[in-house]
Amino acid sequence: MNAPTHATTPSAAPSAVERTRNRKVYAPPVDIFETGDAIVLTADMPGVDEKKVEVTLEKNVLSLRGNVETGAYAGRSIAYAEYDMGDFERSFTVSDEVDRDRIEAVMKNGVLRITLHKTERVKIRKIDINTE
Amino acid sequence: MFGPTLWRFGGLLDPFREIQRLQRDVNRLFSDVRHPAEAEFPPVNIWLGDADGVVTAELPGADPQGLDISVVGDILTISGAREAEQLKEGEAYHRQERNFGAFKRTLKLPFQVDANKVKATYERGILEIALSRAEEDKPRKIAIQAA
């Protein structure tokens, strides 16, 4: 085996900044649908704990990030693999019709559900037609 | 790449088909959606030890009560359904990448499973099934007797 080109021993004084992770990153499959007063986004992020999910809205970009703990099973080796575990990340551009203060995110069973409420003035007002 | 296939039959094969096929292949290469549509759902990984094994499946958003896991001999069957979002009148999808509906996967394991000792847990969208090898199936060491 070649000698590693990066540091392999933990530093004696670990810093408080976020460590970089040597992990594959995948884009989670996402469903987006629109209801009368909100846009709902559901993303499949299996293996992600609800505390390890990050949803950020910066300027017009909504970013989803989920970190996964890949546990190998002690004493057993992988015999057949159809999926690989990795972190999830995906970004979307949101339009002005989304109310930035009213975004809700719920994580359950590996599915992240984000509800983006629309701002009041964008809700469609149905105009009644009066016959003369 | 266009040369021999196009000219082999003495005339021009439809060049647009070749170009479309190339476009599709390149799109697939660059697409970063994880699971192609033809793959089986849910994807499973199988971890094996000497006397036991763990089958893990990526199954986010499933109802654990609705999952059916059965073991017969060395065959493990996982079936269930993932419910689609029920949209009301006037609601519409902008994008639909996740798949829904009923699924069933049958896996053949390299050993007979002890049906009494199967344990399944469903956490964070991952279904984990711990299986152990049946007693009758464990290899027996045969001592060689001195002649």
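How many residues of chain B are in contact with chain A, and with how many residues there? In this predicted model, 39 residues of chain B are in contact with 36 residues of chain A. The two chains bury about 3500 Å² between them. Of this area, 53% lies on carbon and sulfur atoms. Charged pairs also cross the interface of chain B and chain A, where seven salt bridges are found. A salt bridge links B:D52 with A:R76. The closest N and O atoms of this pair are 2.9 Å apart.

In soluble globular proteins, nonpolar side chains tend to be buried together. The largest nonpolar core here has 21 residues. Those that touch the most other members are B:V55, B:L59, B:L76, B:L109, B:L127, B:I129 and B:L131. Five strands of chain B each supply at least two residues of this core: strand 1 (44-48), strand 2 (52-58), strand 4 (75-82), strand 6 (101-108) and strand 8 (126-132). B:L127 has contacts beyond its neighbours within four places in sequence, including B:V55, B:L59, B:L67, B:I69 and B:I78. B:T121 and B:Y122 are also among its contacts. A second, separate core holds 20 residues, among them A:V30, A:A43, A:V53 and A:L116.

Chain B also contains an open sheet of three strands, in the order 3-4-6. The pairing is antiparallel. Strand 3 (68-72) and strand 6 of chain B are the edge strands, and each pairs on one side only. On average, neighbouring strands of this sheet are turned by 10° against each other, direction ignored. Eight bridges join strand 4 to strand 6 of chain B. B:A81 stands opposite B:A102, a residue of strand 6 of chain B.

How values were computed. Residues numbered from 1 in each chain as written. Chains lettered and ligands numbered in written order. Predicted model: local features only at pLDDT ≥ 70, side-chain atom pairs only at ≥ 80, totals over all residues. Heavy atoms only, no water. Core = buried A, V, L, I, M, F, W, Y, C linked by side-chain atoms within 4.5 Å. Buried < 20%, exposed > 50% of the residue type's maximum accessible area, 1.4 Å probe, protein only. Helix = DSSP H or I, 4+ residues; strand = E, 2+ residues; numbered from the N terminus. Contact = heavy atoms within 4.5 Å. Pairing = 2+ DSSP bridges. Axes fitted to C-alpha atoms, helices over the stretch in contact; angles between N-to-C directions. Buried area = accessible area lost by both parts, 1.4 Å probe. Salt bridge = Lys/Arg side-chain N within 4 Å of Asp/Glu carboxyl O.
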